[in-house]
Amino acid sequence: MKIVQLTKLSNLYVYLVLFLSIVPSIIWVALDQRVWPWDQAWYGQVSVELFYRLTHSPLEWFQDMISAFGIKAPAVSWIGQFFVPFGQTISSIEFGLLLSILLTQFIVLLLIYHTILKLTDSLLISVISCFFASSAPLSVALSHQYLVEPLQTASVAWTVLIMVFSPQWKVRRILLHLISAISLGMLAKVTYPLYTLGAILVIIYHVYNKLFKNKSLDRSNLKELKKSSFLSTFKPLYISTFILLSSFLLWYGKNFQNILSFSIQASSGEASLLYGEKADFLYKLHYWLVAFQQSFFVPITLFCLVGVLILTLAKKIYGFKKITKSQRLAYFYLTTIISLSQIILVLSVFSFQVNQENRYLLPLLPYLSILIAWMLKISKQKLLVFFTGFALVLQLFIVQSQALGITPENPNLSYWLYPIDRSSTNKKLLSKLVDTTCKIESEKDRYNIIGLELPWFNANSASYFSAKQQLKKDFRCYYTSLGYAEKDIDKAWSRLFDLNINYFATLKPRSQAEAANPLNLVSFPILERIQSSPKFIREIFVDDQSHVLLYKKINSRS
């Protein structure tokens, strides 16, 4: 009994330490005032809209859940909607939604901790591995962003945990966890299988082995699968599996064709050239290796870890210290090989495609944690273990210091690691713009066009603000662009009339010149047409001293 109590107490202390490691991210989320850009704003918009529908039209809410996004997996917004009330309570929807991301990150740390603890039977190595997971630049950076990768990482970490525990678990438990993890992973992001192929194959092997190879357990396992009393179906694991699997089947059943087309276009179509470039395999592999370092390691930390690895391998190769191979350690070696193979597979696949978005690397975090744990386990040197722990705590301080704006930006770290921005100027300006263009109920459901694509000034961000205002006003307007990376001026001009827009908003020409990029090719020509067109009249926005230009379309139905 005392041993059990001691274990529970130790875990409680570990959980507290892991929570403290994300406290700086909580501070960042509470203080940052930047406008959420494109994808983040879209996920936020859908979260708020789903919550509004849930509280006003529960019968239509389920329909909206199944059709949410259509081209992107919806889990992050499904979960986020339940954090909207907390955001309302503290007058910050952003903080409420990002709280779901921080909670997800904490769950990732818990999953990694229990995975490593099972493999190493070492509390110290498990905690140190979690310090790596919480200090990796990309991990810290994406805990500040309302994006899907943290949830996808949690599903990958869950799958890895199943792989590690599957030799001891019963078949039914393995299958229920696996079905749940796969369903969550696919609802988080369609690329989930790429990150878990090896782990799933190992799990399937264990299930097959338990069912058909091990004759002594064969009958008991088959009976276990068949045995399912009425009461047992209401156990929490059964309920969660049923909910996740049903959600997965319903959403993909409705949206599979759309998400497949979008995935192909985003990875290799013309749109992918906006986020990467075509190049030969070796060039792209070099790019991804550099991105890998920037995403997971501060240079000095990587140097220290490589030094520890060299010393550890030298001891093993030259027999300075005998390594005892227990059955547990042998399985640890298998898990390490799977982890290394999975990292190589992902980097290789990425090197064959156009897209160069670095945040896609985050789901590799659990595998890297296992590699670090393996290195420390086979070293059998407490000095090296403590040295590695010190290096990773140092990395945590370096990364969080940059995020909180204490130290200057380091180009050798992930470009996603934005320093905190406490200026609310852009947020207030965009909020005022949405309020002005959607002021009275007679304007509800009208379209307005944001004629520029900037991180803080775009249609997605405006739509998110409008969704938030709907919580207060019970009506909203729609905001769209001139067309995604539109090149045809006439087509963009026709869009203004096809949608029968109410307002057109953009920035003054000087700001447009600074914003020149492939997303804004038609922005300035359309502004020139509007300024000379009798169908639009300029309205004074705020005090006319801002760099926002606002035009109202007149005779809109003629």
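Which helix supplies the largest share of the lining of the largest cavity? That share, four residues, belongs to helix 6. The structure here is a predicted model, so to speak a computed one, where local features need pLDDT of at least 70, side-chain atom pairs count only at pLDDT 80 or more, and totals for chains, interfaces and linings use all residues. Residues are numbered from 1 along each chain as its sequence is written, and side-chain values use heavy atoms, with hydrogens and water left out.

A cavity, on a 1 Å grid over the protein atoms alone, is a set of points where a 1.4 Å probe fits but cannot get out, and its lining residues have an atom within 4 Å of a point. Grid points are joined across faces, edges and corners, and the volume is the space filled by probe spheres set on the points. Counted this way, there are four cavities of 30 Å³ or more. At least two lining residues come from each of helix 6 (93-120), helix 7 (123-135), helix 8 (137-142) and helix 9 (149-165); helices (H or I, at least four residues) and strands (E, at least two) are DSSP runs, numbered from the N terminus. Sorted by class, this lining holds eight nonpolar, five polar and no charged residues. Here Ala, Val, Leu, Ile, Met, Phe, Trp, Tyr, Cys and Pro count as nonpolar, Asp, Glu, Lys and Arg as charged, and the others, Gly among them, as polar.

The second largest cavity holds about 60 Å³ of space. Its lining also runs to 13 residues, with Glu-453, Leu-482, Gly-483, Leu-519 and Ser-523 nearest the centre.

On to the cysteines. One disulfide (a pair of cysteine sulfur atoms within 2.5 Å) turns up in a search of the whole structure. Cys-438 and Cys-477 are the partners, with an S to S distance of 2.2 Å. They sit 39 residues apart and link distant parts of the chain: Cys-438 is in the loop between helix 19 (425-437) and strand 1 (447-450), and Cys-477 is in the loop between helix 20 (459-473) and strand 2 (478-480). The torsion about their S-S bond is about 85 degrees, so the disulfide is right-handed.

Both partners are buried (under 20% relative accessible area, with exposed over 50% and partly exposed in between; 1.4 Å probe, protein chains only): Cys-438 has a value of 1% and Cys-477 has 0%. Cys-130 is buried at 0%, and Cys-304 counts as buried at 17%.

How values were computed
On a 1 Å grid over the protein atoms alone, a cavity is a set of points where a 1.4 Å probe fits but cannot get out, and a pocket is an open set with protein on both sides within 12 Å along at least five of seven lines; lining residues have an atom within 4 Å of a point.
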